[in-house]
Structure formats: C-alpha cells, structure tokens
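Dear colleague,

Please find below the structure for your records. My notes on the ligand site and the nonpolar cores follow.

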Amino acid sequence: MSRDSLLEDFMHEVELRNPGETEFLQAVRHVARDTITIEKAHADYAQARVLARLAKPDRMVEFRVTWQDDNHEIRVNRGWRVQHSNAIGPYKGGLRFHPALTPSVLKFLAFEQTFKNALTGLPLGGGKGGSDFDPRGRSDAEIMRFCQAFMLQLAPFIGPNRDVPAGDINVGTREIGWLFAAYKSQAHEFSGVLTGKGRSFGGSAVRVEATGWGLVYFTEAMLAERGEEIAGKRIAISGKGNVATHAAEKAIACGARVVTLSDTAGTLVAPDGLTLDDVAWVRACKQAGADITDPPGSCNATFHEGASPWEQEVDIALPCATQNELDGEMAQALVDGGARILAEGANMPLTDEALEIVAKGGITRAPGKASNAGGVAVSGLEMSQNSRRRFASPQEVDDDLREIMETIHARVSREGREGGRIDYSRGANIAGFRKVADAIAAMGAI
Ligand code: NDP
C-alpha cells in the first residue's frame with residue numbers, strides 16, 4: 001500500500017472520530033504523513049498501533065468556571081485540560097485564556113506538545129489547557145478571581161508528577177502566580193505544580209525569555225548549517241507578546257535588523273530596524289493592555305493599520321503570534337520579498353496553503369515543535385530545580401537553553417536530511433515520534 005493510501009485510510013478514521021475539528025485534524029495529518037510508513041516498517045510500533053493511540057488524547061477534562069466580576073455579577077466560562085500523552089513523563093504544556101479557544105485548538109496544541117517535548121530530550125509528556133475567558137478589558141482583581149476559580153476546578157487533575165501546566169497566550173508570570181497560590185491553598189503543599197513561576201517562589205531564571213531566545217538560537221543553528229550568521233540579517237516578526245518581543249530583543253542583540261512587530265490591529269514597521277528601547281516600549285504597551293498604534297517620537301517605526309509583517313523585504317520570517325496567522329497570500333508576499341528562512345515561534349502559524357507556497361518558493365521552514373521548544377525546555381529545567389531545591393544562575397540556564405536548541409537542531413537535521421537539504425518539518429516529526437513510540441511500544445497494551 002502506498003504512503004498516500006495508508007495516510008488517507010488512517011485520516012478517514014481520525015476524521016470520523018473528530019468531526020469538524022479542523023486544527024486538530026490538520027496537526028494529526030502533518031505528523032501522520034511523515035511517520036505512517038515508519039510505523040508500518042517497524043514491527044513494534046505497528047503492533048502497538050502507536051499512531052492510532054497518539055491520535056486520541058489520553059483524556060480531556062472540561063469544567064465550568066464560575067466567578068464574580070467587579071459589579072458582583074456571576075460570570076460563567078468553560079475550562080479544559082487536555083492530557084495528551086504521558087508516555088515519557090508527566091503531562092506538560094501551557095494554559096491559554098482566549099475567547100476563541102475551542103477543544104479542537106487545545107487538542108491540536110496538546111498533540112503538538114507531545115512531540116515538541118520529546119524533542120527537548122527531557123522527560124516530559126504533552127498536554128495543554130485553558131479557558132474561553134477573555135482578559136481584555138477586565139480589571140486585575142477580576143483576572144485574579146478568574147484564575148482562582150479556574151484553579152479550583154483544575155487542581156484535582158494536576159500535580160508535580162502528574163501534570164504540570166505553564167503559561168501561554170494571556171497567561172504570563174502574573175497569572176501563574178495567582179494560579180499557583182490557588183493550587184497551594186487547596187492542596188496544602190508547596191510543589192513545582194506549575195512552571196513559569198516568579199523567581200521568588202520557585203521560578204527559573206530565563207523562563208520568561210526562553211521561547212523567544214530559543215527561537216533565535218534555533219535560527220542561528222539553521223543559518224550556521226548554511227555557513228551564515230544572523231548579524232546583518234533583516235527579520236520580520238509577527239506578534240507583540242512574550243515570544244515576539246523576546247525573539248526581537250535577542251535578534252537585535254545578535255546584530256540583526258528586526259523590521260516588524262505586530263498585533264491584531266496591524267504592523268509596526270521600522271525599515272532600519274527596531275531598537276531595544278522600541279521593543280521595551282512595545283512590551284510595556286502589551287503589559288499595560290495598551291495598543292501600539294501611536295509610537296512615541298523616539299521610536300523609528302510607524303504603525304500600519306491592517307498591514308501584515310510579511311509584506312516587507314526580509315531574509316528571515318519569525319511568525320510569533322498564533323495558529324494559522326499566515327495565509328497563502330502572505331506566504332506569497334514573503335517569497336516575493338526574498339525571505340529564505342522561516343522559523344515558527346507560534347504553534348502551527350501557517351495555513352496549509354501557506355505551507356505549500358513557502359515550500360515551493362524555496363523558503364526553509366522550521367516547525368514550532370522544534371524551533372519554539374525553548375520555553376518548555378526551560379520549564380523542564382524549572383521542574384528539575386524545584387525537585388532538587390537548588391536554582392541555577394541566569395547564565396547557566398541560558399547556556400543550557402542554547403545547548404538544548406542546538407541539540408534539537410542536530411536531532412531534527414539528522415532525521416530530515418535529504419540530499420543537500422534539510423526538511424525540518426519531517427525531521428522534527430520523525431525524531432519526536434520515534435522517542436514517544438519507543439516508550440509506548442515498550443509499555444504494552446494499556
Ligand atoms: P501573548 O499573549 O504574549 O502574545 C500574543 C500576541 O499575538 C498578542 O499580542 C496578539 O495581539 C498577537 N496576535 C494574535 N493573533 C494575531 C494575528 N492574527 N496577527 C498578529 N498578531 C496577532 O502570547 P505568546 O507570545 O505567549 O504566544 C504566542 C504564540 O507562541 C502562541 O502560538 C503560543 O502557543 C506560542 N508559544 C508560546 C510559548 C510561551 O512560552 N509563551 C511557548 C511555545 C509556543 P493582540 O494584543 O492584538 O491580541
């Protein structure tokens with residue numbers, strides 16, 4: 001049977017069981033396309049039916065979150081935790097608060113997380129969770145009460161050896177602090193149940209910066225493979241959140257010109273490159289919930305309402321906003337603008353059409369499960385530090401982060417090398433799959 005027939009048979013079953021779950025089906029298809037013949041060729045994997053098992057999360061809990069707003073009105077939101085696979089370690093993955101969050105998005109994120117975590121080389125399973133709560137326009141007190149109400153429901157399902165959530169979109173260090181305190185009060189224990197904690201209560205140095213910095217380290221490894229370096233390269237970045245601003249900061253520090261950051265309203269364009277002060281201003285706006293439409297006089301960028309970052313002529317693109325943010329038209333603009341490397345800071349930021357155009361246009365693309373693994377890698381280091389109750393210095397963690405990103409690059413390159421080029425997506429899928437599949441196959445039918 002050909003790979004395509006195997007894939008279509010497999011996906012037919014998955015589609016029947018997950019009707020309409022577009023993002024989840026998209027992510028499963030990408031991984032299955034690269035690994036289905038590997039499973040077939042490997043008797044242990046085939047017998048264990050690894051892919052069929054991974055196409056279904058271990059479990060998914062859904063709960064109601066009831067909280068009170070500042071006007072004493074009762075508000076009701078939905079909360080979820082998807083525990084995808086604990087084959088190689090406790091479930092691990094972020095919490096997202098976003099009004100557009102759906103079970104399909106969470107299932108796709110948890111599925112991707114399992115392979116990403118395997119690539120880090122650390123003993124971490126995969127999970128993801130969150131709520132359709134929208135923090136925009138909410139007071140600090142309301143967000144805190146929401147976090148407490150959310151944890152009241154989530155606490156029975158997590159634990160330091162069971163499931164260790166972290167932050168994601170709209171869940172930063174502040175929210176993790178509130179979530180951690182709520183867990184601590186309920187469980188009557190102080191443990192490393194969440195990562196991304198403040199440094200004063202068990203957080204790791206460099207956790208906040210890790211995804212963005214790690215993305216730049218991975219990009220540097222991609223460039224080194226071609227005998228190039230990042231200094232002097234023009235880079236477009238989307239998003240203005242944690243990943244985007246830390247990637248921008250690190251790229252600028254390495255001598256690159258970061259010409260864009262963006263949000264849902266439009267794009268900040270700096271043809272000569274943003275400065276570290278400009279990035280700090282963007283970060284302060286994001287933290288204050290303010291928009292970036294009106295940069296201060298000292299900023300050498302202008303805001304273009306409704307524009308995308310991908311219309312600029314750049315060498316490198318780093319999409320760092322959200323899933324499916326970059327469509328076919330934007331991908332064509334990137335190709336036409338001369339981009340040669342794209343490394344994903346966000347999870348699955350390209351639509352299927354964009355993936356095709358980028359590949360045909362000769363852009364080398366690193367998938368998020370490899371290039372944005374720095375955040376979860378430092379979360380893994382935070383778990384180790386919590387267990388041994390000793391903390392590493394910022395320099396030590398940064399050195400470990402760089403080493404982990406370079407090791408992921410080497411692993412992915414080994415599996416993805418085809419003639420003179422590297423298919424990073426295929427390499428990441430195969431390397432992550434093998435690690436998880438070995439564990440699943442060794443554990444029998446359970
Ligand atoms: P943040 O909440 O800090 O920032 C996300 C930003 O993206 C927001 O400012 C939002 O703008 C902007 N945005 C959303 N949609 C679009 C769009 N279509 N076009 C342009 N901008 C948009 O999130 P993070 O930085 O933490 O996460 C970003 C991505 O990285 C997500 O895919 C996440 O899953 C992934 N990731 C995050 C990790 C982490 O450690 N934080 C780890 C690994 C992956 P607005 O303000 O207008 O809403």
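A backbone N or O atom of Asn242 lies 2.9 Å from an oxygen atom of the ligand, a polar contact (a pair of N or O atoms within 3.5 Å). At 2.9 Å from an oxygen atom of the ligand there is also a polar backbone atom of Val243, and a polar side-chain atom of Arg96 is 2.8 Å from a ligand oxygen. The protein buries 85% of the 890 Å² that the ligand exposes when taken alone (Shrake-Rupley method, 1.4 Å probe).

This is a predicted model, in which local features need pLDDT of at least 70 and side-chain atom pairs count only at pLDDT 80 or more, while totals for chains, interfaces and linings use all residues. Residues are numbered from 1 along each chain as its sequence is written, and side-chain values use heavy atoms, with hydrogens and water left out.

Around the ligand there are 23 residues, of which Arg96, Asp168, Thr211, Thr264 and Asn347 come nearest (near: a heavy atom within 4 Å). By class, this shell has 5 nonpolar, 10 polar and 8 charged residues. At least two shell residues come from each of α8 (207-225), α9 (242-253) and β7 (257-263).

The largest nonpolar core has 60 residues (buried residues, under 20% relative accessible area, joined through side-chain atoms within 4.5 Å). Phe218, Ile235 and Leu401 are among those with the most contacts inside this core. The helix α8 gives the most to the core, with 8 residues. A second, separate core of 39 residues includes Val82, Leu106, Phe111 and Ala118.

Yours sincerely

How values were computed
Polar contact = N/O pair within 3.5 Å; in protein donor to acceptor, adjacent residues only side chain to side chain. Helix = DSSP H or I, 4+ residues; strand = E, 2+ residues; numbered from the N terminus. Nonpolar A, V, L, I, M, F, W, Y, C, P; charged D, E, K, R; others polar. Buried < 20%, exposed > 50% of the residue type's maximum accessible area, 1.4 Å probe, protein only.
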